[in-house]
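Please look over the sequence and the 3D structure below before reading on. The report that follows takes the strands, the core, a few backbone details and the ligand in turn.

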Amino acid sequence: MAEEIDLRAAVNAISDVIQNRPRPLRNFDQIYMKAADMVLQSQLVARWADGKRLAFIGDGDAISVCVAYLRQRGILKYGPSQITVFDFDERICGAVTRFADHEQLKELSAQAYNCIDAFPKEGAFDFFYTNPPWGASNDGMSVQVFARRGMEAVGYAGEGMIVIADDDELEWAKRVLANTQRFATDSGFYVHRMMPKMHSYHLDDTPELKSCNLMIRALPGTTPKEPSKSITEPEVLNNFYGRDNHLRIKFVREKGRLDYGKASDSEYTLEQLVDPK
Ligand SMILES: C[S@@+](CC[C@H](N)C(=O)[O-])C[C@H]1O[C@@H](n2cnc3c(N)ncnc32)[C@H](O)[C@@H]1O
């Protein structure tokens, strides 16, 4: 049972983080978690990874930022010692870095990285967190790519939290959950906790679809089978983000520094009052 926190202060802090997030690109499965679930998820992640070096493999939701910020504000008394976000969207990395600079979150940083490339910091972390593309059209292969990078980040010796679809009616979601658990076992990890139907999303076509936390831990004696390497196999890259939506993009580049909390000039025009004279 989570201990009580100052809910008003926590929601206001999460609101600061949400203001700072770039708008989601649906093409790459950027679908953001709803605010109340972000509060609970951030508290859970902070407690789970207390004192650990935590790698985020992708983090459009900005749970990484919430975890660091809630602690810095004194709303949470615990949290990871180091947090690094690896994401192929430069807007997300930029938003994390700018927020960390502004709020002096010294333990938080971000690095542009595409998960089809070899992981640059193998074994440099204790825990990993990923909310990957959910793999509805490739039986969860996309989940496995992100989870594999997480396992490399912890050198096949730590723990991971994988956030994926959890729905009793959807066949694909059940298959992906089963395949992810099988992949974890085959990789020398075991599922030590599964928290069902925890989070909702700003998902227009299936607003009721929820996700779970699948928490995995390396078995004692697990070692990497091979060094991290890049992925080029078409069967992995195809349908990565959904049917006929293949992984073909290396980086999402930021076109200019946006102030995400404010409307951009391209969104509106101003019609002047008629001069009364
Ligand atoms: C795929 S989304 C999953 C939904 C999640 N709720 C979110 O929006 O963060 C998770 C993150 O993965 C990132 N991502 C997508 N494809 C990637 C890739 N090939 N390499 C690294 N990060 C990627 C996205 O930019 C996003 O921030």
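Strand β5 (residues 159-166) is mostly covered, since 8 of its 8 residues are buried. Here a residue is called buried if 20 or more other C-beta atoms lie within 10 Å of its own, exposed if 12 or fewer do, and partly exposed in between, with the C-beta atoms placed from the backbone. Helices (H or I, at least four residues) and strands (E, at least two) are DSSP runs, numbered from the N terminus. This is a predicted model, in which local features need pLDDT of at least 70 and side-chain atom pairs count only at pLDDT 80 or more, while totals for chains, interfaces and linings use all residues. Residues are numbered from 1 along each chain as its sequence is written.

Strand β5 has two partners in what follows, where two strands are said to pair if DSSP finds at least two bridges between them. With strand β4 (residues 127-130), β5 pairs in the parallel sense over 4 bridges, and Y129 has M161 in β5 as its bridge partner. With strand β7 (residues 210-218), β5 pairs in the antiparallel sense over 8 bridges, and I162 stands opposite L214 in β7. Strand β2 (residues 82-87) pairs in the parallel sense with strand β3 (residues 108-112) over 5 bridges, and among its bridge partners in β3 are L108 for I83 and A112 for D87. Strand β2 also pairs with β1, again in the parallel sense over 5 bridges, and R53 stands opposite Q82 in β2. Of the 6 residues in β2, 5 are buried.

| Strand | Helix | Strand |
|---|---|---|
| β1 | α3 | β2 |
| β2 | α4 (residues 90-103) | β3 |
| β4 | α5 (residues 141-153) | β5 |

What is found inside? The largest nonpolar core has 69 residues, and those with the most contacts inside it are V65, C66, L70, V96 and I164. A nonpolar core is a set of buried Ala, Val, Leu, Ile, Met, Phe, Trp, Tyr and Cys residues joined through C-beta atoms within 7 Å. Leaving aside its neighbours within four places in sequence, V65 is in contact (C-beta atoms, placed from the backbone, within 7 Å) with V17, V96, F99 and L108. In soluble globular proteins, nonpolar side chains tend to be buried together.

A62 lies in the loop between β1 (53-57) and α3 (63-72), and it counts as buried because it has 25 C-beta neighbours inside 10 Å. K197 is found in strand β6 (residues 189-199), and it counts as partly exposed because it has 13 C-beta neighbours inside 10 Å.

R26 is found in the loop between α1 (7-19) and α2 (35-48). Its C-alpha atom is separated by 9.3 Å from that of L203, although the two residues are 177 residues apart along the chain.

Which residues surround the ligand? There are 23 of them, and the closest are D29, G58, G60, F88 and D89; a residue is near a molecule if its C-beta atom, placed from the backbone, lies within 6 Å of it. This shell divides into 13 nonpolar, 5 polar and 5 charged residues, where Ala, Val, Leu, Ile, Met, Phe, Trp, Tyr, Cys and Pro count as nonpolar, Asp, Glu, Lys and Arg as charged, and the others, Gly among them, as polar.

Terms used:
Right-handed = clockwise from strand over helix to strand, strands pointing away. Contact = placed C-beta atoms within 7 Å.
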